[in-house]
Amino acid sequence: MFSRFNIHQPWKVRFFSRSIGNPDAILVGSCSSSSLPTTTKPSSDQNQIFPMNKIIARHVRSGDIDGALRVFHGMRAKNTVTWNSLLVGFCKDPNRIKEAHQLFVEIPQPDTFSYNIMLSCYIRSGNFEKAQSFFDKAPFKDSASWNTMITGYARRKEMEKARELFYSMTTEKNEVSWNAMISGYVECGDLEMASSFFKRAPVRGVVAWTAMITGYMKAKKVELAEAVFKDMTVKKNLVTWNAMISGYIENTRAEDGLKLFRAMLEEGTRPNSSGLSSVLLGCSELSALRFGRQVHQIVSKSSTLCNDVTALTSLVSMYCKCGEVGDAWRLFQGMEMRDVVAWNAMISGYAQHGRAEEALSLFSEMRVKKIRPDWITFVAVLLACNHAGLVDTGMEYFDSMVRDYSVEPRPDHYTCMVDLLGRAGKLEEALELIRSMPFKPHAAVFGTLLGACRVHKNVELGELAAEKLLELDPSNAAGYVQLANLYASRNRWEDVAKIRKRMKQSNVVKVPGYSWIEIKNKIHHFRSSDRIHPELDLIHKKLKEMEKKMRVAGYKPELEFALHDVEEEQKEKMLLWHSEKLAVAYGCLKLPEGSRIQVFKNLRICGDCHKAIKFMSEIERREIIVRDTTRFHHFKDGSCSCGGYW
């Protein structure tokens with residue numbers, strides 16, 4: 001394979017060195033004793049080895065393996081470092097493993113480092129059978145050799161083999177050995193074993209501490225992660241801070257995540273794009289726009305982050321989710337580089353805000369620029385069609401996804417299509433689509449169908465959807481609640497009572513609905529019929545004032561959304577005190593006259609609230625934005641951006 005490069009020289013040189021990379025390696029032999037130099041003065045060829053090795057290493061670091069090979073071929077004398085440097089280059093490319101093996105065979109005097117490089121190459125290519133055989137036969141094994149095998153098995157979650165090797169080590173176990181075992185068990189979710197190795201490790205570095213934090217956060221054991229973080233006896237690095245911050249956010253404690261991010265900055269640790277993505281996700285979940293803007297300033301002032309595609313894309317997503325789609329668009333337009341993730345973020349943002357025309361136009365521009373869409377792109381496109389009621393257009397994109405782009409439909413695509421058909425009232429077609437799915441239907445798709453049945457008050461199909469949903473996910477509170485709501489809309493209160501009894505027997509707890517609004521850097525939370533907020537009397541007074549004006553303007557409460565079998569007057573009172581109405585009223589009280597009000601809700605907006613807030617926007621002469629779990633509703637001058645299609 002290497003004959004065309006004339007690797008074999010007419011004479012051989014052998015170099016021995018106590019340490020890898022020693023430029024003072026000594027020439028000790030050639031193909032015959034008569035050719036040995038008669039003087040200790042190095043030849044010119046020998047003098048060139050060290051600088052040429054540096055050039056090869058530079059080519060390898062930049063990924064130019066062929067360039068490194070040309071330099072290698074041009075060298076008249078080489079040492080083991082020369083061969084090892086090129087071998088590292090071949091091992092970086094999984095497609096060149098055969099060339100790597102051939103080169104290894106040709107090394108005149110392979111050392112321990114040579115064997116470790118080749119071992120790592122087999123591990124990286126996933127050929128563990130070959131790696132194990134090579135390891136067993138290797139004449140040289142140091143701690144790095146053992147650690148390479150242990151780490152390889154640990155990453156494959158083959159912890160029995162990793163542990164067997166760990167206890168068989170003939171060299172001293174070092175920090176890397178213990179880290180491999182701790183991290184491996186963490187990845188497998190076996191925190192008991194991970195903790196056991198962690199406690200027994202003679203030296204616990206930052207990698208081990210961080211692995212335990214990551215494991216506890218993934219297992220939702222936040223308190224244990226906090227304890228490890230607090231007890232750390234070594235200096236926390238950026239990865240440690242990121243593990244803790246992202247763990248908070250993934251465990252619905254975004255506020256704690258943002259506080260810790262502030263502490264990290266005060267401690268002097270600079271964030272990277274990965275950490276900022278987690279922080280900005282936290283800003284999105286809390287709708288903490290002001291905090292998100294501060295993060296934007298950090299990105300803008302950083303020479304490395306200001307052009308980082310990941311950081312900028314996270315900002316685009318944050319602005320969209322916090323209601324500032326205009327800011328997101330300006331940032332997107334200013335990006336020098338845009339990958340498919342950036343395009344997806346902007347298309348999804350437009351879709352969330354019900355701006356289907358802009359979303360689909362951007363998708364067309366994406367295709368013109370030869371950016372190949374992925375499966376997430378099509379989820380965003382189908383959502384855009386969904387929120388605008390573009391059934392035929394959505395069906396065309398769904399077909400085009402496979403036909404033109406070879407993107408196989410995933411559960412998310414089917415959920416979008418069922419939602420699209422269901423919202424349009426095509427419930428039977430939605431059911432047929434579910435039955436035609438090439439894989440077993442998932443819980444979310446039946447939940448979506450049930451939601452559509454609730455909107456269109458189709459009890460028979462709703463019962464079927466609920467039955468299938470609860471078969472797949474018996475603890476799904478939304479399934480019970482949606483079915484109860486469907487019965488309530490038909491005044492079938494006995495059936496509502498049965499559902500509530502069934503929930504109680506199954507220990508299923510309904511997620512309480514709440515809304516929140518940010519006023520002067522403080523988040524105010526409201527629940528339906530709230531009794532906690534200190535200014536509740538003022539809020540109720542404001543709501544009653546608005547209700548009188550709304551009724552004069554033609555508002556009539558939608559009593560079917562009062563989901564209790566009580567008197568009509570009590571139902572009206574319950575509707576008036578829904579969490580989103582309380583938040584809007586508080587915004588009217590506290591924000592300057594005419595300014596925009598932005599409210600966020602953890603569940604889908606109530607039908608009566610949707611109707612009422614349209615009247616409120618006209619009476620108060622304000623734009624009112626409500627973000628629920630489905631989309632953004634922009635209320636202005638008595639109408640909503642969703643056009644009543646939500």
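Student: What makes strand E5 (residues 597–601) count as mostly covered?
Tutor: In strand E5, 5 of its 5 residues are buried, where buried means under 20% relative accessible area, exposed over 50% and partly exposed in between, with a 1.4 Å probe and protein chains only. Strands here are DSSP runs of at least two residues and helices (H or I) are runs of at least four, numbered from the N terminus. This is a predicted model, in which local features need pLDDT of at least 70, side-chain atom pairs count only at pLDDT 80 or more, and totals for chains, interfaces and linings use all residues. Residues are numbered from 1 along each chain as its sequence is written, and side-chain values use heavy atoms, with hydrogens and water left out.

Student: How do you know which faces of E5 are covered?
Tutor: Ile597, Val599 and Lys601 on one side, and Gln598 and Phe600 on the other, are all buried, so both faces are covered.

Student: Why are E5 and E6 called paired?
Tutor: Pairing requires at least two bridges found by DSSP, and 4 bridges join E5 to E6, which run parallel. Val599 stands opposite Val626 in E6. The chain crosses from E5 through H32 to E6 in a right-handed β-α-β crossover, meaning that, with the strands pointing away from the viewer, the path from the first strand over the helix to the second runs clockwise.

Student: Why is Arg621 called exposed?
Tutor: Arg621 has a relative accessible area of 72%, and therefore counts as exposed. Arg621 lies in the loop between helix H32 (607–620) and strand E6 (624–627).
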